[in-house]
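Dear colleague,

I am passing the structure below to you for your further work. My findings follow directly after it.

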Amino acid sequence: MSFIKTLTPEESPGVARANQTMQEMFGGLVPQVFTSMNLRPDLLEALLAYVKRLLIEDHALSRTTKELIAAHVSQVNSCDY
Amino acid sequence: MAMAQGFTREQVESILKDVNGSDLIDEQTKAILNLAEKATKHAYKVTPEDIEGLRGTGLSDEAILEAIHVTSFFNYMDRMADTTGTPAEGLREMVGGMQAAFAEIRGQIVGALAGASFPIATPEELLAAFPDGADTTCQSGDIKMTAGEAGGLLTADDFPFESAEQVADTILSRAAP
């Protein structure tokens with residue numbers, strides 16, 4: 001559940017498109033925080049494009065290094081993911 | 001879960017407990033994690049010397065910028081999760097497209113147990129329910145897991161299982177690095 005109103009794909013074609021993008025990226029295991037942002041599917045889609053470029057594709061850093069950064073940031077923020 | 005690169009959950013915990021003392025990561029990774037910590041706690045304190053220190057380990061500016069992006073992005077997601085009241089779970093698995101790989105493996109586990117009869121009450125019954133027993137293998141990209149390895153992630157409290165989906169979700173919730 002989110003503090004902010006969310007939309008179903010039936011209510012919003014933008015959400016339906018964003019859900020399709022997330023299905024392709026995450027294959028059914030969509031982190032809830034993305035769904036909590038779907039009232040603005042345009043922003044969500046832009047964010048997903050960034051995630052794909054930064055985290056899913058390989059550029060300068062290895063996957064392992066990026067995972068360690070993520071784990072370290074979450075630990076410093078005391079936020080468990 | 002075997003991964004071509006990367007660490008187990010225990011190794012990650014040990015690295016993060018003492019980043020600079022760890023012998024599991026190199027100087028570049030230590031420098032990156034130190035910068036990530038400083039940027040997360042008080043980014044305004046980051047100095048040109050800090051960045052020069054990263055360059056000194058042989059990191060390119062492109063790599064440093066990418067590290068700053070990853071650090072800032074996970075901080076952004078933490079703020080977003082906390083402020084929208086949503087759990088921040090499942091975010092690390094975005095790295096390298098792990099979710100898609102996990103989803104594929106989940107489908108394989110459910111498929112492998114298609115002929116099994118539930119409830120399954122013991123680890124022995126579970127292994128016997130897989131077509132090739134402990135050697136039954138699920139794989140997606142460079143992530144590979146046998147039923148025997150998967151069984152090692154379960155505890156007595158997980159039993160009995162009522163469905164193949166429940167088995168798959170329990171295994172995958174333990175397998176995340």
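What percentage of the 177 residues of chain B count as buried? The figure is 33%. Please bear in mind throughout that this is a predicted model.

Overall layout of chain B

Chain B contains eight helices and three strands. Read from the N terminus, its elements follow the order β-α-α-α-α-α-α-β-β-α-α. The radius of gyration of chain B is 20 Å, well over the 16 Å that the globule rule gives for 177 residues, so the chain is more spread out than a compact globule. Along the principal axes, its C-alpha trace spans about 65 × 35 × 25 Å.

The domain assignment divides chain B into domain 1 (2-88) and domain 2 (95-175). The centres of these two domains, taken over C-alpha atoms, are separated by 32 Å. Where contacts in chain B link residues at least 6 apart in sequence, 53% of them join residues at least 24 apart.

The hairpin

Strand 2 (residues 137-140) and strand 3 (residues 143-146) of chain B pair in the antiparallel sense, with four bridges. Gln139(B) has Lys144(B), in strand 3 of chain B, as its bridge partner. Two residues lie between the strands of this hairpin, in which Gly141(B) takes a positive phi near 60 degrees.

Contacts between the chains

In chain B, 47 residues are in contact with 39 residues of chain A. The elements of chain B that give two or more residues to the side touching chain A are helix 1 (9-17), helix 2 (27-42), helix 4 and helix 5 (98-112). Helix 4 of chain B supplies the largest share of that side, 15 residues. By class, the side of chain B that touches chain A comprises 24 nonpolar, 15 polar and eight charged residues.

The nonpolar core

The largest nonpolar core has 63 residues, and those with the most contacts inside it are Ile69(A), Ala67(B) and Ile109(B). Helix 4 (residues 61-84) of chain B gives the most to this core, namely eight residues. Both domain 1 (2-88) and domain 2 (95-175) of chain B contribute, each with at least three residues.

Which residues is Ile69(A) in contact with, leaving aside its neighbours within four places in sequence? They are Ile32(B), Leu33(B), Ala36(B), Ala67(B), Val70(B), Thr71(B) and Phe74(B). As general background, nonpolar side chains tend to be buried together in soluble globular proteins.

Yours sincerely

How values were computed
Residues numbered from 1 in each chain as written. Chains lettered and ligands numbered in written order. Predicted model: local features only at pLDDT ≥ 70, side-chain atom pairs only at ≥ 80, totals over all residues. Core = buried A, V, L, I, M, F, W, Y, C linked by C-beta atoms within 7 Å. Buried ≥ 20, exposed ≤ 12 C-beta atoms within 10 Å, placed from the backbone. Domains from an automatic or database assignment. Contact = placed C-beta atoms within 7 Å. Pairing = 2+ DSSP bridges. Rg over C-alpha atoms; globule rule 2.2 N^0.38 Å. Nonpolar A, V, L, I, M, F, W, Y, C, P; charged D, E, K, R; others polar.
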